[in-house]
Amino acid sequence: MAQRYESGCLPCTNCCVTVPQDRHYAVERFGKFDHFLTPGLAVAGADCCGCCINFRSITSRIEQNLIVVSTKTKDNVFVTVQVAVQQSVIPAKVEQAMYKLTDVHAQIDSYVSDVVRSQVPLMLLDEAFEKKDDISNAVQDKLTHEMSAYGFAIHKSLVTELTPNAEVMQSMNEINKQKRLRDASIMAAEAEKIKVVKAAEAAADAAQLQGEGI
């Protein structure tokens with residue numbers, strides 16, 4: 001959500017400018033904010049060599065931040081949490097979005113890190129996996145409340161990844177592997193048991209029929 005300075009569409013003057021549909025343009029006179037321009041060709045006023053009028057712009061599109069936070073769970077497992085945040089400028093608050101924050105991404109990063117590091121340590125590792133939506137909702141509530149004052153709307157906050165450290169991942173994979181092997185052994189034993197029972201039943205039936213002289 002970086003801002004940038006723009007130039008007019010005529011050489012050596014900023015008296016007029018072409019405003020794209022997907023950006024908000026602010027007109028500054030001698031460094032002071034004056035007004036916003038609508039998309040299309042706009043006349044900003046009299047200017048000489050860009051000394052009187054400057055243009056500053058910010059995108060109106062929805063942008064996405066990816067924030068990675070390291071923390072630990074209640075059972076002392078270190079995890080890396082990746083959160084995707086989608087935000088855009090509130091049309092009625094473009095002035096705040098342009099002039100209040102120096103670095104929007106850094107501010108969002110700070111709020112997300114604060115929420116994740118206050119939520120995840122209250123959960124066991126299994127709970128953290130089960131309650132990713134709760135973490136996402138907590139992040140969205142915090143950002144929606146805080147970023148509105150700076151002119152930004154938060155459309156969605158999602159926990160896209162929750163990854164334990166490598167040793168824990170290896171242990172979890174080994175546990176799952178052993179569980180699958182145990183389940184396979186139990187199923188094989190059950191199948192063998194059924195075969196033995198069926199064979200015994202068949203032998204008993206044959207003996208009974210033989211005893212009856214059939």
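The structure is a predicted model, in which local features need pLDDT of at least 70 and side-chain atom pairs count only at pLDDT 80 or more, while totals for chains, interfaces and linings use all residues. Residues are numbered from 1 along each chain as its sequence is written, and side-chain values use heavy atoms, with hydrogens and water left out.

The chain holds five helices and nine strands; helices (H or I, at least four residues) and strands (E, at least two) are DSSP runs, numbered from the N terminus. Read from the N terminus, the elements follow the order β-β-β-β-β-β-β-β-α-α-α-α-β-α. Of the 214 residues, 31% count as buried, where buried means under 20% relative accessible area, exposed means over 50%, and partly exposed lies in between (1.4 Å probe, protein chains only).

Three strands form an open sheet in the order β7-β8-β9, with antiparallel pairing; two strands pair if DSSP finds at least two bridges between them. Strands β7 (63-72) and β9 (152-164) stand at the edges with a single partner strand each, so one side of each has no neighbour in the sheet. On average, neighbouring strands of this sheet are turned by 20 degrees against each other, direction ignored. Strand β7 is joined by 10 bridges to β8 (residues 78-89), and the two run antiparallel. Within this pairing, Ile67 of the sheet stands opposite Val83 in β8.

Two helices accompany the sheet. Helix α2 (residues 104-119) lies across β7, β8 and β9 and runs at about 35 degrees to β7. Helix α4 (residues 132-147) also packs on the sheet, where α4 touches β8 and β9, and its direction makes about 150 degrees with that of β9. For these angles, axes are lines fitted to C-alpha atoms, for helices over the stretch in contact, and values run from 0 to 180 degrees between N-to-C directions.

A residue worth a visit in strand β7 is Asn65. Asn65 has a relative accessible area of 7% and is therefore buried. Leaving aside residues up to four places away in sequence, Asn65 touches Val83, Ala84, Val85, Gln87, His105 and Ile108. With one of these, His105, the side chain of Asn65 makes a side-chain to side-chain polar contact of 2.5 Å. A polar contact is a pair of N or O atoms within 3.5 Å; within protein, one must be able to donate a hydrogen and the other to accept it, and residues adjacent in sequence count only if both atoms are side-chain atoms.

Asp103 is partly exposed, at a relative accessible area of 41%. Although 101 residues separate Asp103 from Ala2 in sequence, their C-alpha atoms are 7.8 Å apart in space.

As for the cysteines, the structure holds zero disulfides, a disulfide being a pair of cysteine sulfur atoms within 2.5 Å. The sulfur of Cys9 has its closest cysteine sulfur in Cys16, at 3.5 Å, which is too far for a bond. Likewise, the sulfur of Cys48 is 4.0 Å from the closest one, in Cys49, again too far. Cys9 is partly exposed at 38% relative accessible area, and Cys48 is partly exposed at 48%. Cys48 lies in the loop between β5 (40-43) and β6 (53-59). Its C-alpha atom is 7.5 Å from that of Asn14, which is 34 residues away along the chain.

Finally, the aromatic rings form three pairs. Phe33 and Phe36 make a tilted pair, with 4.9 Å from centre to centre and 50 degrees between the planes. Rings of Phe, Tyr and Trp (its six-membered ring) pair if their centres lie within 6.5 Å; planes under 30 degrees apart count as stacked, over 60 as edge-to-face and the rest as tilted. Phe33 is partly exposed at 22% relative accessibility, and Phe36 is partly exposed with a relative accessible area of 31%. Together with Tyr99, Phe33 and Phe36 form one aromatic cluster.

Terms used. Contact means heavy atoms within 4.5 Å.
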